[in-house]
Amino acid sequence: MSGPIPLIVAIDGPAASGKSTVAKAVAAALGCVFVNSGGMYRAFTWWVLQKGIRPDDTAAVLDLLAATRFSCGEENGVGTVSVGGTRMTRTEMASTEVNANVSVIAAIPEVRDRLVAEQRRYAERGGVVMEGRDIGSVVFPDTPFKFYIDASPEVRERRRRSEGITDSIARRDRIDSSRAASPLVVPPDALVVDSSDLTVDEVVERVLAAVRNRRMTP
Ligand code: CDP
């Protein structure tokens, strides 16, 4: 006998569009687990660099991928990831080196296949709010709850700088949008929210209102 279908909310968007903050608040309001799928790509990128492998040496990256065990779980409503038995800290995952290399690693189809499988597993365990680049288009194409959080390039640059992080987001966006495997796209059935002139609370409210609305419509 199968239980109720878990709620899956997909939130995509470009770098520094504010989707992490929004997704976290939406997950808390809905009682779902919050998963930052970018953290998984960042964790594996950190692991690649740690092993002294050049991210553009695809053959070596694939050898490492085959030898690596991922462990994705949940702690206090937030998705966690360990790679090769090591849990990366937030600082490691947001380092300048990871920022500069994560899009190259995330463009490798085999890396995506492994991590997408882990991402889908969350929805087998219960409700989830997941944010990333391809959540509505590839990971959970069947969910009716799809959002695309955008913001102008200027606002996004400013937000990232104010976090004190060195991050060439324009370059990452270019690679993420132009890669062959699961590029960043706006899913046709997603609700697009431009957060440039909105507060976090306003964006969260719009997402929650749309989720509640669509839930009531059969
Ligand atoms: O927080 P920010 O938007 O800057 O990035 P992130 O969500 O941590 O994602 C880091 C990188 O991982 C992105 O630039 C993509 O290259 C990759 N990524 C992806 O390819 N697919 C996802 N679903 C999530 C992230």
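Helix α2 (residues 37-50) supplies six residues to the lining of the largest pocket, the largest share of that lining; helices are DSSP runs of H or I with at least four residues, strands runs of E with at least two, numbered from the N terminus. The model is predicted, with local features requiring pLDDT of at least 70 and side-chain atom pairs pLDDT 80 or more, whereas totals for chains, interfaces and linings use all residues. Residues are numbered from 1 along each chain, and side-chain values use heavy atoms, without hydrogens or water.

The largest pocket holds about 1,200 Å³ of space. A pocket is an open set of points on a 1 Å grid where a 1.4 Å probe fits, with protein on both sides within 12 Å along at least five of seven lines, and lining residues have an atom within 4 Å of a point. Of its 45 lining residues, Ser20, Asn36, Gly39, Arg42 and Glu131 are the closest to the centre.

Lys146, in strand β7 (residues 145-150), is buried, at 5% relative accessible area (buried means under 20%, with a 1.4 Å probe and protein chains only). The side chain of Lys146 reaches the backbone oxygen of Pro141 at 2.7 Å, and a polar atom of that side chain lies 3.3 Å from the backbone oxygen of Gly136.

Conventions:
Grid points are joined across faces, edges and corners, and a volume is the space filled by probe spheres set on the points. Buried means under 20% relative accessible area, exposed over 50%, partly exposed in between (1.4 Å probe, protein chains only). A polar contact is a pair of N or O atoms within 3.5 Å; within protein, one must be able to donate a hydrogen and the other to accept it, and residues adjacent in sequence count only if both atoms are side-chain atoms.
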